[in-house]
Amino acid sequence: MTDFLIQKAPAEIGDQKVAQVSQVDGVKYIMADDSWLLIRPSGTEPVLRVYAEGRSREMVKSLLAYGNTVAASVT
């Protein structure tokens with residue numbers, strides 16, 4: 001799963017460029033404006049968790065929508 005998320009890392013999400021991809025505790029896409037999306041496997045259940053933080057409500061919605069789409073395609 002981690003390899004897939006790294007290989008398929010998007011160039012941008014929600015009109016923000018993906019500036020960095022981190023592999024700490026899952027796969028975290030860090031945007032140019034410091035917004036981020038983290039997709040990680042649960043430690044206790046057979047599910048993927050999707051977390052996001054953004055500078056606006058719209059950015060968080062874009063990040064979570066992308067994360068949910070990717071998580072659904074991986075499982």
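Buried here means under 20% relative accessible area, with exposed over 50% and partly exposed in between (1.4 Å probe, protein chains only). Strands are DSSP runs of E with at least two residues, helices are runs of H or I with at least four, and both are numbered from the N terminus.

A word on the model and its numbering: this is a predicted model, where local features need pLDDT of at least 70 and side-chain atom pairs count only at pLDDT 80 or more, while totals for chains, interfaces and linings use all residues. Residues are numbered from 1 along each chain as its sequence is written, and side-chain values use heavy atoms, leaving out hydrogens and water.

## The sheet, strand by strand

The strands make an open, antiparallel sheet of five, in the order β1-β2-β3-β4-β5. At its edges stand β1 (12-13) and β5 (48-53), each with a single partner strand, so one side of each has no neighbour in the sheet. Two strands count as paired if DSSP finds at least two bridges between them.

Start with β1, which pairs with β2 (residues 16-22) in the antiparallel sense over two bridges; I13 has Q16 of β2 as its bridge partner. Next come β2 and β3, antiparallel over four bridges, with S22 partnered by K28 in β3. These two strands form a hairpin with four residues between them, and D25 in the turn has a positive phi of about 60°.

Moving on, β3 and β4 run antiparallel and are joined by four bridges. Here V27 has I39 of β4 as its bridge partner, and Y29 stands opposite L37 in β4. Their hairpin also has four residues between the strands, with D34 taking a positive phi near 75°. Finally, six bridges join the antiparallel β4 and β5, and the hairpin between them runs through six residues.

## A helix across the strands

Helix α2 (residues 57-74) lies across β1, β2, β3 (27-31), β4 (36-41) and β5, and runs at about 160° to β5. That angle is between N-to-C directions on a scale from 0 to 180 degrees, using axes fitted to C-alpha atoms, for helices over the stretch in contact.

The largest nonpolar core has 13 residues, and L5, I13, Y29, M31, L37, I39 and L63 have the most contacts inside it. The elements giving two or more residues to this core are β3, β4 and α2, and α2 supplies the largest share, four residues. Such a core is a set of buried Ala, Val, Leu, Ile, Met, Phe, Trp, Tyr and Cys residues joined through side-chain atoms within 4.5 Å.

L37 sits in β4 and counts as buried because its relative accessibility is 0%. In β5, its bridge partner is A52. Leaving aside residues up to four places away in sequence, L37 touches I13, V27, K28, Y29, V50, Y51, A52, L63, Y66 and G67, where contact means heavy atoms within 4.5 Å. L37 and S62 are 25 residues apart along the chain, with 9.8 Å between their C-alpha atoms.

As for M31, with residues up to four places away in sequence again not counted, its contacts are I13, Q16, K17, V18, A19, M59 and L63.
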